[in-house]
Amino acid sequence: MNKGFAKRAFDIVGASIGIVGAAPIILPIAFIMAVDTRSFPIFKQVRMGKDQKPFTIFKIKSMRDTKDENGNFLPDKDRVSKLGVCLRKTRLDELPQLVNVLKGDMSIVGPRPIAIYNDIAQDVFRHTVRPGLTGIAQINKKNILERAQLLKFDHDYVRNGNFILDIKLCLKTPFMLVLNWSDPHYRESAQASHHKPQ
């Protein structure tokens, strides 16, 4: 069986099951965050996809749109609500990306999608595969990764990724979330910003 076809079939089945199973979680959380942030609960941002084609990623919004007296957004740390912090630590804000997987923008496993203005977005080899909900970099490093570390993990996955590795990474992901609960954890650059950082 063609490797690409098998991976896509795995993504479609996994995302379909995930959406059905996660709906009872996503809908109440989205409602709570809409009340908490006083805004529409789904956050959208353009990220770099396969073959460096931009796409719009979906997340549950975890920050308020608070601005200073000049109309500029306050720093992220001043806008993330207490509920938003819990949401981000558990990665529940990432669940709407199952829709991105179903659409074909993303895979269940792959390099995490990077904002288009991040210099890593210009790495051609990293973007020869679809970005993923989880990936080898996130499983192997629980602290914030330096650029070189991130690219090494992601390039290794592009070279050596296979169905068995994908299954292993999927099984390890819940344990990674529990272990990283109280520690700094990897989140791709500016993932919750509305605009390019100044």
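A residue is called buried when its relative accessible area is under 20%, exposed when this is over 50%, and partly exposed in between, using a 1.4 Å probe and protein chains only. At 68% relative accessibility, K77 therefore counts as exposed. The model is predicted, so local features need pLDDT of at least 70 and side-chain atom pairs count only at pLDDT 80 or more, while totals for chains, interfaces and linings use all residues. Residues are numbered from 1 along each chain as its sequence is written, and side-chain values use heavy atoms, with hydrogens and water left out. Helices (H or I, at least four residues) and strands (E, at least two) are DSSP runs, numbered from the N terminus.

**Helix α7**

- Helix α7 covers residues 163-179, and its 17 residues should span 24 Å at 1.5 Å a residue; the expected span is 1.5 Å times one less than the number of residues. The C-alpha atoms at its ends are 25 Å apart, which agrees.
- At the start of α7, the backbone nitrogen of I164 has a side-chain oxygen of N162 within 3.1 Å.
- At T173, shortly before the proline P174, α7 has a kink of about 35 degrees. The bend at a residue is the angle between axes fitted to the seven residues ending there and the seven starting there.
- The buried residues of α7 are L165, D166, L169, T173 and M176. Their cover includes α1 (3-37), β3 (107-109), β4 (132-134), α5 (136-140) and α6 (147-160).

**The nonpolar core**

- A nonpolar core is a set of buried Ala, Val, Leu, Ile, Met, Phe, Trp, Tyr and Cys residues joined through side-chain atoms within 4.5 Å. The largest such core has 28 residues, and I60, Y157 and L169 have the most contacts inside it.
- At least two residues of this core come from each of α1, β2 (54-60), α4, β3, α5, α6 and α7. Helix α1 supplies the largest share, five residues.
- L169, a residue of helix α7, is buried, with a relative accessible area of 4%.
- Contact means heavy atoms within 4.5 Å. Leaving aside neighbours within four places in sequence, L169 is in contact with V109, G135, I136, I139 and Y157.
- The C-alpha atoms of L169 and I139 are separated by 7.0 Å, although the two residues are 30 residues apart along the chain.
- Not counting residues up to four places away in sequence, Y157 touches K7, V109, G110, P111, I136, L165, D166 and L169.

**Two buried polar residues**

- S107 has its place in strand β3 and counts as buried at 1% relative accessibility.
- The side chains of S107 and D11 are joined by a polar contact of 2.8 Å. A polar contact is a pair of N or O atoms within 3.5 Å; within protein, one must be able to donate a hydrogen and the other to accept it, and residues adjacent in sequence count only if both atoms are side-chain atoms.
- Apart from its neighbours within four places in sequence, S107 is in contact with K7, D11, V101, R130, P131, G132 and L133.
- The C-alpha atoms of S107 and T134 are separated by 8.7 Å, and these residues are 27 residues apart along the chain.
- N100 lies in helix α4 (residues 97-103) and counts as buried at 0% relative accessibility.
- With neighbours within four places in sequence left aside, N100 is in contact with F55, T56, I57, F58, D105 and M106.

**Salt bridges**

- Side chains of opposite charge can pair when their charged atoms come close.
- A salt bridge is a side-chain nitrogen of Lys or Arg within 4 Å of a carboxyl oxygen of Asp or Glu. A search of the whole structure finds 13 of them.
- K59 lies in strand β2 and E94 in the loop between α3 (82-90) and α4, so the pair ties together parts that are 35 residues apart in sequence.
- E94 also forms a salt bridge with R112, the closest N and O atoms being 3.0 Å apart. Because E94 lies in the loop between α3 and α4 and R112 in the loop between β3 and β4, this pair ties together parts that are 18 residues apart in sequence.
- Through shared partners, salt bridges join K59, E94 and R112 into one network. K59 and E94 are buried, and R112 is buried too.
- K77 forms a salt bridge with D78, with the closest N and O atoms 3.4 Å apart. K77 is exposed, whereas D78 is partly exposed, with a relative accessible area of 43%.
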